[in-house]
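Hi everyone, thanks for having me. Let's look at one chain together and see what we can read from it.

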Amino acid sequence: MRFLITAGPTREMLDPVRFLSNRSTGKMGYALAYAAVVAGHEVRLISGPVSLAAPAAVKVSDVVSAADVLNSVQDNLQWCDVLIMAAAVADWRPASVSAVKLKKSNMSGTLELERTPDILKSVAKYKGGRFFVGFAAETGDPLPEASRKLKEKGLDMIVANDVSQSDAGFAVDTNRVTVLFANGDYDNLPLMSKVEVAKMIVEKIENKMEK
Ligand code: CTP
């Protein structure tokens, strides 16, 4: 199958030297790219700024902002059978971007923000028979929010985790996730390496696509 995977954070520039971003390091998305390649799939990876190397067989598109992720997902959507949105896409960006470095003397203490596009919602109408997977990184019990996002974004599967735990979520090599499906089924996976989690996610997708 053809897997389109997004990974890492986005950066929303304020001026040439400053941006809004988040703690994502891309480890889960890159682990998914690796697991899908090992399982014999074709993989394209849309990656925000991270310091990771992708397997040689993976075609990587480097992106910076949420708008870039949307463009790249739109460009590659027709190609894929499976879309996995593991990227931590910023929800807000500065309402205006300065072409020159801002000076404190002419900045106010308030930043005006505007919403970024919701990528999964934007491409939902082109889904067809494709399998769409989202991620929900929450603080505290992630299940209620993950279940809401699964429905609102029209997903087939969502991978939920509690990022307030020190051994799961951002910047660590392990993760403890719950996988929820559109039919209401869910599966609590134990603490595992991100590569093991990724292999299980790829297997679950393969099982669902075969049905
Ligand atoms: N996502 C997306 N476009 C965005 C933001 C997020 O497609 N602009 C995707 C993420 O890649 C992830 C899923 O939506 O797969 C859930 O992301 P999350 O940030 O948890 O959800 P939000 O819709 O931003 O919800 P909230 O801010 O209410 O938590």
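Buried residues make up 44% of the 211 residues in this chain; buried means under 20% relative accessible area, exposed over 50% and partly exposed in between, with a 1.4 Å probe and protein chains only. Please keep in mind that this is a predicted model, where local features need pLDDT of at least 70, side-chain atom pairs count only at pLDDT 80 or more, and totals for chains, interfaces and linings use all residues. Residues are numbered from 1 along each chain as its sequence is written, and side-chain values use heavy atoms, leaving out hydrogens and water.

How does the radius of gyration fit a compact globule? With 211 residues, such a globule would have a value near 17 Å, and the chain has 17 Å, so the two agree. That radius is taken over C-alpha atoms, and the globule rule is 2.2 Å times the number of residues to the power 0.38. Along its principal axes, the C-alpha trace spans about 60 × 35 × 30 Å.

Now the pieces: there are 5 helices and 14 strands. These are DSSP runs, numbered from the N terminus: helices are H or I with at least four residues, strands E with at least two.

Let's zoom in on helix H1, residues 27–38. Its 12 residues should span 16 Å at 1.5 Å a residue, and its end C-alpha atoms are 16 Å apart, which agrees. The expected span is 1.5 Å times one less than the number of residues. Which residues of H1 are buried? They include Met 28, Tyr 30 and Leu 32. After H1 comes Gly 40, with a positive phi near 95°.
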